[in-house]
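Have the model open as you read.

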Amino acid sequence: MPPIATSIFDLFKIGPGPSSSHTIGPMRAGNNFIRLLQNLPPAELASARRLRVLLYGSLSDTGRGHGTDRAVLAGLLGHEPGNCSAQTLDSLDIDRGTQHTVAVRERSLTITPSDIIFTTERRGGRRDRAPHFPYSNTLVIQLMDRTKVLFEREYYSVGGGFIEWKGSTPERRGRPRFPYSNTLQLQEQLRRHRVTLHALMLANEQAITGVPPAQIQKQLDAILDAMIAAVERGMVTEGYLPGPIHLHRKGPLLFQRAQKMAHSPDRFLVDLCAYALAAAEENAAGHPVVTAPTCGSAGVIPAVLYLLHRNNKLPRAVLRDALLAAAVVGFIIKHGASLSGAEVGCQGEIGAASAMAAAFIADAHSQPFMILENAAETALEHHLGMTCDPVKGYVQIPCIERNAMGAVKAYTAYLIACAGIPEWHVVGLDKAVKAMALTGRDMPSQYKETSRGGLARCC
Ligand code: SF4
């Protein structure tokens, strides 16, 4: 297996909810397509009039509930996830008849929301005639004259907001200074070079991206700030979430109730759940969150971060380092399995987030790598097989409460790892990641972000 060459900021990205694979990925694809058109030969653009988008797989099955149409339209209009505010997205008119104009050099191309086609809808809900693509979340963006396709690109939203396209080759990046592709190799690097996990992560990030350490620290601070902001906004924003479920926000209520539990031993658990619900509800509202590692799981790490920041008053430098520990677990899971609900079910989103959060807590408490690894493995192990079944295609039920459960399991896993004897731990993180990949492979497709199985089928 090649060494891990993922950047920390590929994993932790600031962008609009509610689903990284359904909003951030498609928005990036739309933006990439428009940049591509800027470089087309004039002859290819001469007869172009309009744009069309075909959504396949889970991008289509979840329908408008995941906001994919709005996200890809925003990308085509030139917006990028990192700088597109919730207000901009909310103000985008996606009524079927509204015509938007995209300027590409001297041409004005039109697109209406009805040009963004959910192919399952077009086939009356049947998926049988969908073309075979290498990834389940595929979108094809086309440049058209009135009726004919002049040029197109086939994009794959491969989870966590990452995109690839047909024929794309991985971006050329530097080789990590301390290469590893799994936990065992990472441990060997730490041992052989007598380097701390934080130093190893920073050195690798610099070698891979060329970004100097001071800038990396600044970017880590921006990620921490965005996570904290999502929790704090969610704790004071009341009311209903968008969509047909009419789900009322719970984060503010739990937070208010927690204030009245001053001497109760349960207080910290209610706090932790309130923080997770608050950030997850902000995601469901389509507001900016941090993929950690995805939008659907964007409440788990912020919840433990906020607990350690607000309740335990841990210093910023400790939290910044803990983010590096969470990232290394995310890398290992992404490399050995997947972070995409559409590929492996919810174990790849909430399960991965919980494992990363467990490592975060262990690291913030200055535990050695062995405890950190045990905590991450324990959290992941108890999410294996968890399916993705968002009700009515909205990242609300079961997603929001799953964030609270993921945060609680992360804290429990940390406590078990600390209280145990590390040498007695039988299943290592690498084995849990392998089990996750195999379980995901064996999982029927209706449990992979299609809203056709589980709770989505019963509600
Ligand atoms: S069920 Fe899990 S994987 Fe599926 S959308 Fe919700 S949070 Fe994401």
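## Before we start

The domain bounds used below come from an automatic or database domain assignment. Please keep in mind that this is a predicted model.

## The cavity

By the rule applied here, the count comes to 1 cavity of 30 Å³ or more. About 150 Å³ of space lies in the largest cavity. Its lining is made up of 15 residues, and those nearest the centre are Gly296, Glu349, Cys388, Val395 and Cys399.

Sorted by class, the lining of the largest cavity has 8 nonpolar, 3 polar and 4 charged residues. Which domains supply this lining? Domain 1 (17-165) and domain 2 (183-458) each give at least three residues to the lining of the largest cavity.

## The ligand and its shell

Where does the ligand sit? You will find the ligand in the largest cavity. Around the ligand are Gly296, Cys346, Glu349, Cys388, Asp389, Cys399 and Arg402. By class, this shell has 3 nonpolar, 1 polar and 3 charged residues.

## Aromatic pairs

The structure also holds 7 aromatic pairs. One of them joins tyrosine 135 and tyrosine 156: the ring centres are 5.4 Å apart and the planes meet at 40°, so the pair counts as tilted.

Tyrosine 135 belongs to the loop between helix H7 (119-122) and strand E6 (138-144), while tyrosine 156 is in strand E7 (residues 149-159), so the pair ties together parts that lie 21 residues apart in sequence.

Key: Residues numbered from 1 in each chain as written. Predicted model: local features only at pLDDT ≥ 70, side-chain atom pairs only at ≥ 80, totals over all residues. Heavy atoms only, no water. Near = heavy atom within 4 Å. 1 Å grid on protein atoms, 1.4 Å probe; cavity = no way out; pocket = protein on both sides within 12 Å on 5 of 7 lines; lining within 4 Å. Sits in = over half its atoms within 2 Å of the grid points. Nonpolar A, V, L, I, M, F, W, Y, C, P; charged D, E, K, R; others polar. Points joined across faces, edges and corners; volume = space filled by probe spheres on them. Phe/Tyr/Trp six-rings, centres within 6.5 Å; stacked < 30°, edge-to-face > 60°. Helix = DSSP H or I, 4+ residues; strand = E, 2+ residues; numbered from the N terminus.
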